[in-house]
Amino acid sequence: MSQPIIKLTNVSKSYDDHNVLKNINLYVRRNEFLTLLGPSGCGKTTTLRIIGGFETPSSGEVLFEGMDITSIPPYQRRVNTVFQKYALFPHLNVADNIAFGLNIKKMDKGLIKEKVKDILTLVNLPGFQKRSIHSLSGGQQQRVAIARALVNEPEVLLLDEPLGALDLKLRKDMQLELKNIQQKLGITFIYVTHDQEEALTMSDTVVVMKDGTIQQIGSPVDIYNEPKNSFVADFIGESNIITGTMIKDYLVDFAGRKFDCVDKGFEANEEVDVIIRPEDIKLVKEADGMLLGQVVSVIFKGVHYEMMVTSNGISWMIHSTLMVPVGSKVGILIQPSDIHIMKKVKAI
Amino acid sequence: MKENRVVAPYLIWMTIFIVLPIILVIFFGVTIRTESGLQLSLDNFKRFFEPIYLMVLWRSIRLALISTVICLILGYPMAMILASNGLKMKNTLVLLFIIPMWMNFLLRTYAWMTLLERGGIINTILNFLKLPSLNILYTEQAVILGMVYNFLPFMVLPIYSVLIKIDKSLLEAAEDLGADSITVFRKVTFPLSISGVISGITMVFMPAVTTFVISRLLGGGQFTLIGNLIEQQFLFVGDWSFGSAISIVMMILILVSMGFMSKYEKENEGAGLW
């Protein structure tokens, strides 16, 4: 495998006494779409700003193609950023905004004009050169911001929640468009978001963060199907998280009975988190169920129904395309392969 | 209508204290007193274009321009320092800057006289250090110093209030696109602060070009400015007609220059303080 384009080693960052990042180790492969995902305050934006050069880590180093760039200022880095609130220059028109970086490089005027035209076509805003920034809609401003960064042909493009201010429909369109642009140009994207669906849709690699630490790094499929701990499971998609006891390898006790499972390597009688996705739980006739319960609520979610079923005092969230009326007595069926066992996260 | 009733007092006020005086000034400006009574005439304006008065006009504009430029050179960095993020004692500094403005402008100018005069504090210190005394008071430099001192806050505050509103992410974006700190200033910070600079220039130039107190106190009457000329005509010579004519010329000059400024500002799409 080729050398990673960006590598963070033991990066920490603290403001006053507050540790924002704790010993982050991360590498980014060339041409991949990597997403930093986590709730607000998890340190994802700080990580991005350290890569961009707007923050200096308190300790640790940032390598770019193997070279230490920790103390290199942003204007000398071969990365460009798409800012959260676009940060377009209000005193310049669309073309001058996009040409800003090229003008600083003293590129030939004719060539700049050509490049601006090409990039505007790429982001679907042909002919917008002379428009003023104020006359653009949010989505259009977003495209100009992306064009302004991309026209400099950066090795790495940093995107800080770029779609945060757009409405749902536009978001979805832009997600696909961004992914297309990334594949077409073959540029490495580092993308920051708190929207798990966005992360799963676009990324090659997802980095889940919480409280300044990395929880899990993996492909979207891995992260969704094999969450490393209950935080990841809870943050990515919906989950039922129940405390259980590992009797021995391949056998776990929760909700008042023993279940076969596919996990091993725990100590005998160790307390564990049992995680089951709502769509992996089947509702069956009472006689066929592993657990018995009663439906207490049904919410229509579009594609599926979200039902809450209580059984022995435990509430289960269940997604199903078939509706079972409130009050019905049902059986709950869970396949061994759908039971995910995780070590208890120790409270810090 | 209800609105009219609310507006009425203001209209009456403005009529008595703004419109009427202007009409009077225009009336005096275009008439001269002869033996057969008042006569319509443009002689007062013709008289203003005599070399001796044009000299005064030129001196007023020159001193005001110099003061404005000095205020801009001193004030812009000051405004940048005040607006910078890392400054912990920012509020204290802004307050210190504003406190002198709470004091009467005449008092402050008198204070400068005691500082600058022959037996004043500056010369006492110089004598104490066995250095030759300086003749500062009653020079052109003293007049400029007085203008800069009195009008500097009017340059700093509008620039400061524009700078503080500039989105910091714009500066980061410029840096991200390859601009070093000088280029960031040249291409982003300064263009975005133009509206404040224009407000500042207007706020300093207007009072500087019409002042008569500073030039009388610190210039000792040797540097007659347009303001002194008008004052003389009304208070000492008693030629209200000529005084009014000079006032009208001054008003037209100010209106024209403000017109230019606001046109320039509009082209730059700035949002000024004033």
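Partly exposed means a relative accessible area between the buried limit, under 20%, and the exposed limit, over 50%. Keep that in mind for the first stop. The model on screen is predicted.

**Stop 1: Tyr138(B)**

Select Tyr138(B). Its relative accessible area is 37%, so Tyr138(B) is partly exposed. It sits in the loop between helix H6 (121-128) and H7 of chain B. Now check the backbone. Phi of Tyr138(B) is near 60 degrees, a positive value in a residue other than glycine. Most residues other than glycine have a negative phi.

**Stop 2: Asp211(A)**

Switch to chain A and pick Asp211(A). Here too phi is positive in a residue other than glycine, near 50 degrees. With a relative accessible area of 46%, Asp211(A) is partly exposed.

**Stop 3: the largest nonpolar core**

Next, go inside. The largest nonpolar core has 68 residues. Select Phe89(A), Phe100(A), Phe48(B), Met147(B) and Leu218(B), which touch the most other members. Then color helix H7 (residues 140-163) of chain B, which supplies the largest share of this core, twelve residues. In soluble globular proteins, nonpolar side chains tend to be buried together.

Zoom in on Phe48(B). Which residues is Phe48(B) in contact with, leaving aside its neighbours within four places in sequence? Tyr53(B), Leu54(B) and Leu57(B) are on the list.

A second, separate core has 37 residues. To find it, select Tyr86(A), Ala99(A), Leu150(A) and Leu163(A), which are among its members.

**Stop 4**

Select Cys42(A), then Cys261(A). Are they buried or exposed? Cys42(A) is buried, with a relative accessible area of 1%. Cys261(A) has a relative accessible area of 6% and is buried as well. Both values fall under the 20% cut-off, so both residues count as buried. How many disulfides does a search of the whole structure find? Zero, over all chains.

**Stop 5: Asn180(A) and Gly293(A)**

Finish in chain A. Asn180(A) belongs to helix H5 (residues 168-185) of that chain. At 47% relative accessibility, Asn180(A) counts as partly exposed. Now draw a distance from Asn180(A) to Gly293(A), C-alpha to C-alpha. The two are 46 Å apart in space. In sequence, 113 residues separate Asn180(A) from Gly293(A).

Definitions and conventions
Residues are numbered from 1 along each chain as its sequence is written. Chains are lettered from A and ligands numbered from 1 in the order in which they are written. This is a predicted model: local features need pLDDT of at least 70, side-chain atom pairs count only at pLDDT 80 or more; totals for chains, interfaces and linings use all residues. Side-chain values use heavy atoms; hydrogens and water are left out. A disulfide is a pair of cysteine sulfur atoms within 2.5 Å. Buried means under 20% relative accessible area, exposed over 50%, partly exposed in between (1.4 Å probe, protein chains only). A nonpolar core is a set of buried Ala, Val, Leu, Ile, Met, Phe, Trp, Tyr and Cys residues joined through side-chain atoms within 4.5 Å. Helices (H or I, at least four residues) and strands (E, at least two) are DSSP runs, numbered from the N terminus. Contact means heavy atoms within 4.5 Å.
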